[in-house]
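This briefing goes through a few local features of one protein chain. Please keep the sequence and the structure in view while reading.

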Amino acid sequence: MQPIKVYADRRSQPSRAVIIFCRVNQIDFEEITVDLFKSQHLSAEFRKINPMGQVPAIVDGRFKLFESHAILRYLASVFPGVADHWYPADLFTRAKIDSILDWHHSNLRRGAATLVMHTALAPFLGLTTSPDAVKQAGKLLMQSLGRIESVWLKGDAKFLLGSPQPSIADLSLVCEIMQLEILGNDVRDRFLGAHEKILIWMDNVKKATSPHFEEAHELLFQVKASMLSNAAAANQTSEPSTKLKIASKL
């Protein structure tokens with residue numbers, strides 16, 4: 001059986017979720033890097049894999065699939081070695097996991113990804129930033145973190161839905177929140193510091209998927225270190241109005 005092909009950029013939080021899932025479950029795969037910063041996702045070659053021009057995407061034989069949640073569902077359902085807790089056969093539990101994944105895209109992801117884009121990535125990519133978008137994204141992110149705690153991490157829940165083991169929803173959402181790292185510790189802590197349940201849950205997911213979780217996030221922390229280095233240099237050489245612009249570049 002040929003290994004599946006995973007088209008990904010590890011700076012992308014959904015890409016990391018798919019890679020970690022494959023590693024944890026010993027799914028044989030070939031990782032093909034699609035560099036977002038070089039616009040490789042917009043190439044004609046990649047659009048044959050995903051006409052939407054986004055990562056991740058997979059090719060399993062002649063079968064092509066994109067959208068990370070769909071990919072995770074597929075991998076959990078097709079490969080026999082995947083433990084049931086990732087995407088349970090029980091339809092009631094599976095439906096609950098699906099509801100979290102659907103909620104993720106229009107809430108947690110919209111808040112976190114928009115905040116990261118307008119605070120850090122937009123200046124680097126030469127895109128226009130919007131203070132209003134940052135404000136609205138921050139508000140939605142805080143609301144989303146609160147929802148996770150109050151709805152799916154009730155009591156002493158170790159993972160979402162009170163499960164003793166992680167699901168694909170746990171992995172997807174934690175990878176999303178990890179993207180806040182590139183904003184720096186102060187900004188990250190401003191959003192996560194008041195959410196002790198979130199921090200404990202994230203640590204539980206990391207431990208359950210170690211060492212693959214750490215390995216998949218190495219590039220993210222390299223980006224973070226680069227940004228901190230640029231910020232330190234800017235503090236010594238630039239005026240305050242220029243510092244923010246330089247510090248936001250990777």
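His195 is buried, with a relative accessible area of 8%. The model shown is a predicted one.

**His195 and its surroundings**

- His195 sits in the loop between α8 (residues 185–192) and α9.
- Leaving out residues up to four places away in sequence, His195 touches Met142, Leu145, Gly146 and Glu149.
- The C-alpha atoms of His195 and Ile148 are separated by 9.9 Å, although these two residues are 47 residues apart along the chain.

- Ser43 belongs to the loop between β2 and α2.
- With a relative accessible area of 28%, Ser43 is partly exposed.
- Between the C-alpha atoms of Ser43 and Asp102 there are 28 Å, and the two residues are 59 residues apart along the chain.

**Helices α4 and α7**

- Helix α4 spans residues 91–106 and helix α7 spans residues 168–178; their axes come within 9 Å and cross at roughly 20°.
- Angles under 35 degrees count as roughly parallel, so α4 is roughly parallel to α7.
- The crossing in which α4 passes α7 is left-handed.
- On the α4 side, the contact is made by Ile97, Ile100, Leu101, Trp103 and His104.
- On the α7 side, Ile168, Ala169, Ser172, Leu173 and Glu176 make the contact.
- By type, the residues of this contact of α4 with α7 divide into 7 nonpolar, 2 polar and 1 charged.

**Cysteines**

- How many disulfides does the structure hold? The number is 0.
- A disulfide needs two cysteine sulfur atoms within 2.5 Å.

**Cis peptide bonds**

- Val55 and Pro56 are joined by a cis peptide bond, with omega at about 5°.
- Pro56 lies in the loop that runs between α2 (residues 44–47) and β3 (residues 57–60).
- Ser210 and Pro211 are also joined by a cis peptide bond, and omega there is about 5°.
- Pro211 is in the loop between α9 (residues 196–208) and α10 (residues 212–216).

**Positive phi angles**

- Gln26 is not a glycine, yet its phi is positive, at about 55°.
- Gln26 is part of the loop between α1 (residues 13–24) and β2 (residues 29–33).
- Is Gln26 buried or exposed? At 76% relative accessibility, Gln26 counts as exposed.
- Leu161 is not a glycine either, and has a positive phi of about 65°.
- Where does Leu161 lie? Leu161 is in the loop between α6 (residues 131–152) and α7.
- Leu161 has 36% relative accessibility and counts as partly exposed.

Key:
Residues numbered from 1 in each chain as written. Predicted model: local features only at pLDDT ≥ 70, side-chain atom pairs only at ≥ 80, totals over all residues. Heavy atoms only, no water. Axes fitted to C-alpha atoms, helices over the stretch in contact; angles between N-to-C directions. Helix = DSSP H or I, 4+ residues; strand = E, 2+ residues; numbered from the N terminus. Parallel < 35°, antiparallel > 145°, perpendicular 65-115°, else oblique. Left-handed = near helix turned anticlockwise from the far one by under 90°. Contact = heavy atoms within 4.5 Å. Nonpolar A, V, L, I, M, F, W, Y, C, P; charged D, E, K, R; others polar. Buried < 20%, exposed > 50% of the residue type's maximum accessible area, 1.4 Å probe, protein only.
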